[in-house]
Every structure is written in C-alpha cells, then in structure tokens.
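Reader: I have the coordinates open. Can you walk me through the packing?
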Amino acid sequence: MTLYVNLAELLGTRIEQGFYRPGDRLPSVRALSVEHGVSLSTVQQAYRLLEDNGLAMPKPKSGYFVPPGRELPALPEVGRPAQRPVEISQWDQVLELIRAVPRKGTIQLGRGMPDVLSPTLKPLLRSLARVSRRQDLPGLYYDNILGCMELREQIARLSLDSGCQLTAEDIVITTGCHEALSASIRAICEPGDIVAVDSPSFHGAMQTLKGLGMKALEIPTDPITGISLEALELALEQWPIKVIQLTPNCNNPLGYIMPEARKRALLTLAQRFDVAIIEDDVYGELAYSYPRPRTIKSFDEDGRVLLCSSFSKTLAPGLRIGWVAPGRYLDRVLHMKYISTGSTATQPQIAIAEFLKGGNFEPHLRRMRTQYQRNRDLMLDWVSRYFPAGTRASRPQGSFMLWIELPEGFDALKLNRALMEQGVQVAVGSIFSASGKYRNCLRMNYAAKSTPQIEEAVRKVGTAAHALLAETAD
C-alpha cells in the first residue's frame with residue numbers, strides 16, 4: 001500500500017469519526033508533510049484521493065475542506081447494562097430473525113449477510129464445481145478432525161496480516177464461526193459459570209451461553225473505543241469470571257475497531273486475573289483501513305486467547321467454514337468439536353483453499369471493503385434524511401452493519417412487526433443484550449449494492465419509526 005493511500009485512509013477515518021466536521025478546514029499540505037514525514041506531492045496525492053471519494057474539497061488559495069453535507073446522526077450512547085451476571089433471555093426474538101425465509105419482494109435489512117453476488121466470487125464457484133467433478137471424489141471423504149491441511153496452511157498465512165504467528169497445527173476448522181465460539185466456550189466453561197461480554201453483543205454467542213446454562217455479565221461498551229476496561233476491571237474484582245468474550249475488530253453490532261493500546265491493556269487484565277479471552281474476528285478482514293487491525297491474539301504469549309473466525313462474512317455464509325486458533329486449549333476444543341459435529345464438510349474446505357492459493361481472496365476483499373464503506377455512507381445519509389430527529393447511529397469502521405438508537409421508550413419489536421407487513425425486516429436491538437436491553441435500538445445491514453428499492457426500504461423504516469413515536473407521544 002503506497003504512502004499517499006495510507007495518509008488518505010487516516011484522514012478519511014478522522015473525517016468519518018467526526019474529528020473534522022462538514023465545512024472544517026483540513027490540515028495544510030505543508031503541515032501534513034511535516035507531521036507524517038512525507039513529501040508535499042504525497043500529501044497532494046492523498047488529498048486528490050479524498051477528493052475523488054467525496055471526503056475533501058479544494059478551495060483556491062485556502063486549502064482543503066470537508067465538504068458541506070447533511071449532519072451525521074450523533075453516536076449511540078454507552079449502554080448501562082445490569083452490573084451483575086444475568087440469565088440470558090431473548091431466544092424467541094432471535095428465532096424470529098433467523099427463521100425468516102427470504103421471500104421475493106422482502107428487503108432483509110436484519111440478517112448478517114454479506115453480498116454474495118460479487119463477480120469476484122466466480123473463481124470460488126469454479127473451484128466448487130471442479131472439486132465435485134474430480135474422479136478421486138475428495139469432497140466425499142472424512143478429513144482430519146483438525147480440518148483440511150491445505151486450508152489450515154492458507155489460514156495461517158492470512159493470519160500474518162493480523163499480526164499472528166500461527167502454523168497449520170495451531171488451527172482447527174469448524175462449521176462456521178458459531179461452532180468455533182461454541183467449542184471455545186464449552187472448552188473452558190461449565191454450567192453456572194460467568195462470562196463477561198461486550199454490550200451490545202453478538203446474539204449467537206449469548207444464546208450459546210444460554211443453551212449451556214451459563215450467565216452473562218454485560219460490560220458497557222463505547223461505540224468508538226470498545227469495551228470499558230475500567231468497568232471490566234471492577235467486574236473481574238467482584239465476580240468469578242471464567243472468560244471474556246468480545247468482538248474487538250469491526251464489532252457486531254457497533255462497528256468499532258478497538259484501539260491497539262486498549263487491546264494490549266485488555267490482555268494484561270486477563271493475565272492479571274488469569275482468565276481466558278475468546279476473540280471473535282469474523283469481520284476483521286473487512287476493516288476499511290489498511291493494514292487490517294491486529295487481533296488481541298497477536299499479542300498473546302501464553303496461549304490464553306482463543307481466536308475465532310470464518311469465511312461466512314468475507315465469502316459466503318452457506319459455505320459453513322470457520323476456524324479457531326485455541327492456544328493452550330487446543331485439546332479441549334478438539335474434544336468439544338468431536339462430540340458435536342466431528343469432521344467439517346470437506347468439499348468447501350478444498351474449494352476455499354484453492355480460492356486462497358490462487359490469489360483471489362485479496363482482490364475480493366478490496367472490492368467488498370470499498371463497496372461496504374460506500375454503502376455505509378449512503379445508509380448514514382438515508383438515516384439522517386428519513387429517521388426522526390434525535391436518532392443516533394454508529395460509525396462502522398468495517399463490515400456492513402449499522403446500529404441505530406431511537407429515543408428512550410421506543411419499541412423496536414413493534415416497529416419490526418409493522419415493517420414485516422411492508423416487506424422489510426430489521427434486527428431488533430434487544431437480541432444483542434442478555435437481559436433484553438436496547439429495546440429502542442435496531443441493527444441494519446448495508447452489504448448489498450445500493451438500489452432504489454433498498455433506499456425505499458430504509459425510508460419505510462424511518463416513516464414507521466416516525467409513526468410509532470407519534471403514537472407514543474399521544
């Protein structure tokens with residue numbers, strides 16, 4: 001990646017996070033040249049790239065400015081979850097989301113689905129077809145319980161980008177990231193144990209805790225910097241927490257990337273209290289900035305971090321191929337995998353390995369990151385335009401999920417049921433809390449290529465929100 005692209009991405013991130021507001025003057029070419037130790041021409045190239053992306057506007061003899069535009073919604077407030085371990089609820093609402101069958105004419109804004117229509121996935125489809133036609137039928141046999149060696153080798157190479165030094169022997173292939181998380185939790189915890197989670201948090205991991213008879217202790221989480229280390233430290237002092245489970249990169253549902261210093265501090269906390277960390281990095285490859293953010297696992301020297309990920313969000317969820325690097329818990333994770341699913345399906349493993357080995361993954365990721373970042377900006381603009389005054393929204397730094405917070409007392413469940421009649425579905429905020437908080441929030445997916453139909457669906461969400469707020473006020 002060239003110097004001017006790095007600089008443009010840094011400035012773009014600052015603009016998107018609100019450090020520079022619409023109409024603000026950006027730093028001069030000379031000031032940036034001195035600050036970053038680059039040439040004047042490098043800075044000028046960076047500004048041209050920002051100008052092409054609509055993030056900077058030159059004014060003769062005055063420098064560069066952030067273009068005037070619609071004011072972005074304020075960031076969501078930091079949640080105030082219960083300061084004690086709780087039994088996990090919300091299964092009925094999660095089931096309502098995941099059992100919804102895609103219907104013609106329904107816009108699915110609620111599911112965690114990437115765009116699977118990109119032409120950059122064609123080499124993967126060809127690999128799947130080739131594997132199915134091979135005379136030796138490799139896709140029909142059991143593979144090693146660890147998974148296909150060639151795929152594990154490719155994942156180990158990929159992990160270098162996140163700062164990890166893994167080998168194929170450190171990695172276990174799973175049936176999606178969900179199994180990676182589940183096997184990791186079961187490898188460490190027993191019924192009745194307490195797990196600290198970021199809040200709001202991925203509903204799948206919490207429902208795993210519910211099914212295994214464990215309790216969640218929700219930790220307040222900032223929409224920019226992530227889980228509160230201060231609150232987590234207090235919780236660790238007060239409760240016998242067995243493991244910390246979180247998504248620090250391109251968080252679901254808030255979209256933040258936890259700063260590197262805070263990742264290190266979190267690991268230090270875990271070492272001090274001798275607890276494990278289960279790190280969900282399923283969206284990490286979809287960060288808009290380059291290089292992609294480091295994982296907490298990359299700082300881990302004593303094997304206490306279990307790193308979980310998959311190809312469900314970067315390629316396609318129907319492949320059902322995930323993985324975990326369990327560190328010191330490898331034997332236990334293998335046992336948990338053996339007693340649940342055994343070996344993972346072989347055919348998609350071989351096809352993905354071919355796709356990676358052929359150099360197709362990085363071009364696909366570049367296309368998706370660009371598309372998702374552009375769609376995020378569109379979605380934020382539509383929320384500003386169509387949603388009620390006072391609506392707050394996250395600033396995702398990667399992936400394709402937007403977290404929206406409406407005024408206190410708003411009922412997102414009622415909203416979603418009204419929208420279903422209009423052919424639109426969203427994810428209600430309460431499923432991202434162990435105790436059903438965030439009832440006034442919702443999550444919307446912006447992965448698919450922008451169309452007038454998707455804009456109309458977002459407008460319907462905003463219009464229905466206006467109507468429900470008006471009812472509440474009466």
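Author: This is a predicted model. Take V461 to begin with: leaving out residues up to four places away in sequence, V461 touches L109, F387, L415, L419, V424, V426, L442 and M444.

Reader: Which residues have the most contacts inside the largest nonpolar core?
Author: L151, F311, M444 and V461. That core has 96 residues.

Reader: Which helix gives the largest share of this core?
Author: Helix α13, residues 361–386, with nine residues.

Reader: And where does this core lie relative to domain 2 and domain 3?
Author: Between them, because domain 2 (91–117 + 363–473) and domain 3 (119–361) both give residues to the core.

Reader: What does the second core include?
Author: L97, Y256, L267 and W403 are among its 35 residues, and this core is separate.

Reader: Switching to L315. Buried or exposed?
Author: L315 is buried, as its relative accessible area is 0%. L315 sits in the loop between β10 (305–310) and β11 (322–325).

Reader: What does L315 touch?
Author: Not counting residues up to four places away in sequence, L315 touches P114, V116, L121, L124, I352, F355, F361 and H364.

Reader: Helices next. At what angle do α9 and α10 pack?
Author: About 5 degrees, with the axes 11 Å apart. Angles under 35 degrees count as roughly parallel, so α9 is roughly parallel to α10.

Reader: Which residues meet there?
Author: From α9, L229, E230, L232, E233, L236 and E237; from α10, R262, A265, L266, L269, R272 and F273. The residues of this contact divide into seven nonpolar, five charged and no polar.

Technical notes: Residues are numbered from 1 along each chain as its sequence is written. This is a predicted model: local features need pLDDT of at least 70, side-chain atom pairs count only at pLDDT 80 or more; totals for chains, interfaces and linings use all residues. Side-chain values use heavy atoms; hydrogens and water are left out. Axes are lines fitted to C-alpha atoms, for helices over the stretch in contact, and angles run from 0 to 180 degrees between N-to-C directions. Helices (H or I, at least four residues) and strands (E, at least two) are DSSP runs, numbered from the N terminus. Angles under 35 degrees count as roughly parallel, over 145 as roughly antiparallel, 65 to 115 as roughly perpendicular and the rest as oblique. Contact means heavy atoms within 4.5 Å. Ala, Val, Leu, Ile, Met, Phe, Trp, Tyr, Cys and Pro count as nonpolar, Asp, Glu, Lys and Arg as charged, and the others, Gly among them, as polar. A nonpolar core is a set of buried Ala, Val, Leu, Ile, Met, Phe, Trp, Tyr and Cys residues joined through side-chain atoms within 4.5 Å. Buried means under 20% relative accessible area, exposed over 50%, partly exposed in between (1.4 Å probe, protein chains only). Domain bounds come from an automatic or database domain assignment.
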